[in-house]
Amino acid sequence: MRVLIAGAGIGGLCLAQGLIREGVDVAVYERDTALDSRGQGYRLHLDAGSALHSCLTPDLYELCVATAGRPSTSITVVTKRLRRLKQFAVDGPADPFDPVTLSTSVNRQTFREILAARLDDVIEYGRTCTRFEQDRDGVRAEFEDGSKAEGDILVAADGAGSAIRRQYLPHAQVTGTGSLCVYGRTPLTPRSRPLIPDYLWRGFTAVAGAGVGMATGVLDFREEPAAAAARIAPDVRLSAVPGYLMWALTGPAGRFAGAVSPAPSPALTAPELHQLALDTIRRWHRDVRTLVELAAIEETTLVPIRTSVPVDPWPPTRVTLTGDAIHAMSPARGSGANTALRDAALLAAELGTAASGGKTVLSAIADYEREMTSYGFAAVRANQQARWGY
């Protein structure tokens, strides 16, 4: 069995690792020219420990946990003037390495580097999958540069704008929500550390503004990534990343400070987005404004929030989908990446069973899609009901 995966995001890489553990031949095609050719995002909540553990080798799983953030002990909601509204205690797991109870934060770039470890011969960069053809015996992926690749199965892991989904399931729509998220990262320095309230060091904090809220979280590594890799998996190279405060300013596009800044748009430069964030919180507590002022300006990014429209089941074929390609959702509940990891583990197990003769390929894909669409679209619906920041 040969599986073609379009997309080397978190879900696609985890699937590749899982398939290799199942003894399945796999090729990953990524449109970016390198793993780090663009920003990878910041702090990411991780609670799909069982899925991750089943796909990764033991040392790579250990490396994920070792390079995670320090465990949270509380979740706090405050006003824009930093008056505390709510606080919830969080009981950390007795064993931080236990996959079943894993709940932590990771740096997205570090996490993706670990997922890509030892896949140099599997990933091909600069390959944008634009369409496919299939018959009863296999599938052929076609790429933007005119090249083609043949396999037994094609997996769309190419995100919310998936070209494969548009061809395969044109009725499966991804729609805009009208909301935006401006992400920023403020390095932990002698100047920024004293401005961070004690409760923020203890866990995720939401700032409830008037129409626009802010989600914040500190990423203070348990162990510096390069040092952890040298200790646990010496053949893996991880980029040096200092600790930081992640902040995400989110709300309806019309509630940002468009009156005093350029209208929110993906075309805005990083400095313009940074200024937009400052203008939007100009009446917030001084410490919050200062923390945003101290951000790494060039790493400020804007993401229009989109969500999938759930669809009815479809007949299984040799093409299937994972992650945002089929169940895109807002980051309001932090479940998008974890759902993609769950997809990866489930699909790897099903295809492993098919590869060993335990069921047919189409039966394996049907069983995967039946379960994936159930929990995946349930997560989409839950996210649509969640308010930003709390």
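Here are a few worked exercises on this predicted model, going from the whole fold down to single salt bridges.

Before you start: local features need pLDDT of at least 70 and side-chain atom pairs count only at pLDDT 80 or more, while totals for chains, interfaces and linings use all residues. Residues are numbered from 1 along each chain as its sequence is written, and side-chain values use heavy atoms, leaving out hydrogens and water.

**Exercise 1. Work out whether the radius of gyration agrees with that of a compact globule.**

Step 1: The rule is 2.2 Å times the number of residues to the power 0.38, with the radius taken over C-alpha atoms. For 390 residues, that puts a compact globule near 21 Å.

Step 2: Compare. The protein has 21 Å, so it agrees with the rule.

Step 3: Along the principal axes, the C-alpha atoms fill roughly 65 × 45 × 35 Å. Buried residues make up 54% of the 390; buried means under 20% relative accessible area, exposed over 50%, and partly exposed in between (1.4 Å probe, protein chains only).

**Exercise 2. Find the strand order of the open five-stranded sheet and name its edges.**

Step 1: Know your elements. The protein has 12 helices and 17 strands, which are DSSP runs numbered from the N terminus (helices H or I, at least four residues; strands E, at least two).

Step 2: Follow the pairing, where two strands pair if DSSP finds at least two bridges between them. The order is β7-β2-β1-β11-β17, with parallel pairing.

Step 3: Pick the edges. Those are β7 (123-125) and β17 (319-321), each pairing on one side only.

Step 4: Zoom in on one pair. Strand β1 (residues 2-6) is joined to β11 (residues 153-156) by four bridges, and Leu4 has Leu154 as its bridge partner in β11.

**Exercise 3. Trace the salt bridges of Arg127 and say which parts of the chain one of them ties together.**

Step 1: Recall the idea. Side chains of opposite charge can pair when their charged atoms come close. The cut-off here is a side-chain nitrogen of Lys or Arg within 4 Å of a carboxyl oxygen of Asp or Glu.

Step 2: List the partners. Arg127 bridges to Glu124, with the closest N and O atoms 2.2 Å apart, and to Asp145 at 3.8 Å, N to O.

Step 3: Arg127 counts as buried because its relative accessibility is 13%. Glu124 is partly exposed at 33%, and Asp145 is exposed at 53%.

**Exercise 4. Describe the surroundings of Glu142.**

Step 1: Locate the residue. Glu142 is in strand β9 (residues 139-143), and its 14% relative accessibility is why it counts as buried.

Step 2: Look for neighbours, using heavy atoms within 4.5 Å as the contact cut-off. Apart from residues within four places in sequence, Glu142 touches Thr128, Cys129, Thr130, Arg131, Glu133, Ser147 and Lys148.

Step 3: A network of salt bridges links Glu142 with Arg131, Glu133 and Arg140.
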